[in-house]
Amino acid sequence: MEEKFEELVAAPSIALEKSIDLSKRIGRETIELTRLRKARNFWAGLGPGLITGAADDDPSGIATYSQTGAQYGLQLLWLAVFTFPLMSIVQEMCARIGLMTGRGLAGNIRINYPKWVLYTCAASLFAANVLNIGADIGAMAKATQLLYPNFNFLLLAVIFTVFCLLLQIFTSYEQYAKYLKYLVLVLFSYVATAFIAHINPKELFLHSFIPSITASKDQLLIITAILGTTISPYLFFWQTSHEVEEEILHGKTSIRLRQGEVKDEEIKKMRTDVWTGMFVSNAVMFFIIATCAAVLFTHGITNINSASDAALALKPLAGDQAFLLFALGIIGMGLLALPVLAGSVAYTVAESFKWRTGLYRKLDKAREFYGVIIICMIVGLFTNFLGIDPIKMLIYSAVANGLAAPLILFLIVQMTSNKKVVKERVNNSLEAALGWYITGIMAICGIATIISLFVA
């Protein structure tokens, strides 16, 4: 009887404890679901800025960053931190131009400046991008050969070119944008590689925030190449046009509709997208330089001729995992960057001549636009048949971008400071000052590089 009485007395407290445990479990699950929902909403809100930032880490950029780490160790690591806010501000200006005008960057240059300015921008972009496309196709083929040595290099180059062209021409923009977005996840292979390499955290922190430069021609070229591959003209044109494509995807199919009121919420969403994309881009740059510094520079391997060379050099020193991740990253980022490189030229040339533009259009509705994409890809592919030294093609295409950037940056800062172009969304005093500061830095680097090329 006593035992039954004790059970009856204890029953309410046991039930209460079970109820508390259940409520706690439900509370934890609710918090997890809320976090998951926020993460999904954040991911869904990312688009043009994320893709643009990721495309900045193409095989050309990977080679430049790898060469920087292998040749100079951690000395220039601070450039990854230094360039982050600069490129974010520039890309935000480009996005604002697209949102407020409903046109791409070239279309706005055509309206607001003389034709020679537009044609100069278009010609320099075409030259730099074709070299870049060729370098990226070659890098992807080389990276594939690292994994499958029996494959023919030129055949792989042709396969990658045709594959990218088919996706650009015959895939709907909505599907294509999703494909590009998920390719961004490939970038985290470089973050994983850095952790496998066991880098000294103290040295990493010191070199991230303490600038150091050696006064030499080679280092000046590599710094200009880094600036040229992070603050790149092709990203300016792609960002602006991609914002317009997104507007069209959401029903704003005419210029008049796209030039309607832009809400504060849209601007906030755009800024989150852009700054997230640029953060991802520079974080990857940071880890590539750090990995090559920790593994290659410390072992005396200072001459890297391509992104594939960097992957191959990592294998005996950092292990098969680092090698595999680095090689796969090159292929994945090439698949992301090639459409952006070719697309940015197509947008620029088509808008220059008032042709129909847009990846959302079918081939028969924008023949000239897709024709430019095809020409860029084929000419880029052809450069791989010429036997050009890969490191020269990579570095000098980045330097070409660095030389073209000041003129285009000048136009971007001017247009985003002009109410006739972006209405009430003009630069504030800080944004304008930073815009001119970035333009000045790129101009000084460009002039110094030209001088250094003619001085022994």
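A crossing of two helices is right-handed if the near helix is turned clockwise from the far one by less than a right angle. The legends below use this term. The model shown is predicted.

**View 1. Helix 6 crosses helix 17 in a right-handed sense.** Helix 6 covers residues 115-147, and helix 17 covers residues 367-382. Their axes come within 7 Å and cross at roughly 60 degrees. That angle makes helix 6 oblique to helix 17. On the helix 6 side, the contact is formed by Phe 126, Val 130, Ile 133, Gly 134 and Ile 137. Facing them in helix 17 are Ile 375, Cys 376, Met 377, Val 379, Gly 380 and Leu 381. By class, this contact of helix 6 with helix 17 has 9 nonpolar and 2 polar residues, and no charged ones.

**View 2. Helix 3 packs against helix 14.** Helix 3 runs over residues 59-72 and helix 14 over residues 264-295. The axes lie 7 Å apart, at an angle of about 40 degrees. Helix 3 is therefore oblique to helix 14. The crossing of helix 3 and helix 14 is right-handed. Helix 3 brings Ile 62, Tyr 65, Ser 66, Thr 68, Gly 69 and Ala 70 to the contact. Helix 14 brings Met 285, Ile 288, Ile 289, Cys 292 and Ala 293. The residues of this contact of helix 3 with helix 14 divide into 8 nonpolar, 3 polar and no charged.

**View 3. The largest nonpolar core holds 114 residues.** Five members touch the most other members: Leu 105, Ile 109, Phe 236, Phe 369 and Ile 373. Helix 16, residues 320-352, supplies the largest share of this core, with 16 residues. A closer look at Ile 109 shows contacts with Val 117, Leu 118, Phe 237, Leu 411 and Met 415, leaving aside its neighbours within four places in sequence.

**View 4. Gln 259 sits in the loop between helix 13 and helix 14.** Val 422 is 163 residues from Gln 259 in sequence. In space, the two are 9.5 Å apart, C-alpha to C-alpha.

**View 5. Lys 423 has a positive phi.** The value is about 55 degrees, although Lys 423 is not a glycine. Most residues other than glycine have a negative phi. Lys 423 lies in the loop between helix 19 (419-422) and helix 20 (429-454). Lys 423 counts as partly exposed, at 30% relative accessibility.

View 6. Where does Lys 354 lie? Its place is in the loop between helix 16 and helix 17. Lys 354 counts as exposed because its relative accessibility is 65%, and exposed means over 50%.

**View 7. The whole protein chain has 20 helices and 0 strands.** Of its 456 residues, 54% count as buried. Among contacts with a separation of 6 or more, 84% join residues 24 or more positions apart.

Definitions and conventions
Residues are numbered from 1 along each chain as its sequence is written. This is a predicted model: local features need pLDDT of at least 70, side-chain atom pairs count only at pLDDT 80 or more; totals for chains, interfaces and linings use all residues. Side-chain values use heavy atoms; hydrogens and water are left out. Axes are lines fitted to C-alpha atoms, for helices over the stretch in contact, and angles run from 0 to 180 degrees between N-to-C directions. Helices (H or I, at least four residues) and strands (E, at least two) are DSSP runs, numbered from the N terminus. Angles under 35 degrees count as roughly parallel, over 145 as roughly antiparallel, 65 to 115 as roughly perpendicular and the rest as oblique. Contact means heavy atoms within 4.5 Å. Ala, Val, Leu, Ile, Met, Phe, Trp, Tyr, Cys and Pro count as nonpolar, Asp, Glu, Lys and Arg as charged, and the others, Gly among them, as polar. A nonpolar core is a set of buried Ala, Val, Leu, Ile, Met, Phe, Trp, Tyr and Cys residues joined through side-chain atoms within 4.5 Å. Buried means under 20% relative accessible area, exposed over 50%, partly exposed in between (1.4 Å probe, protein chains only).
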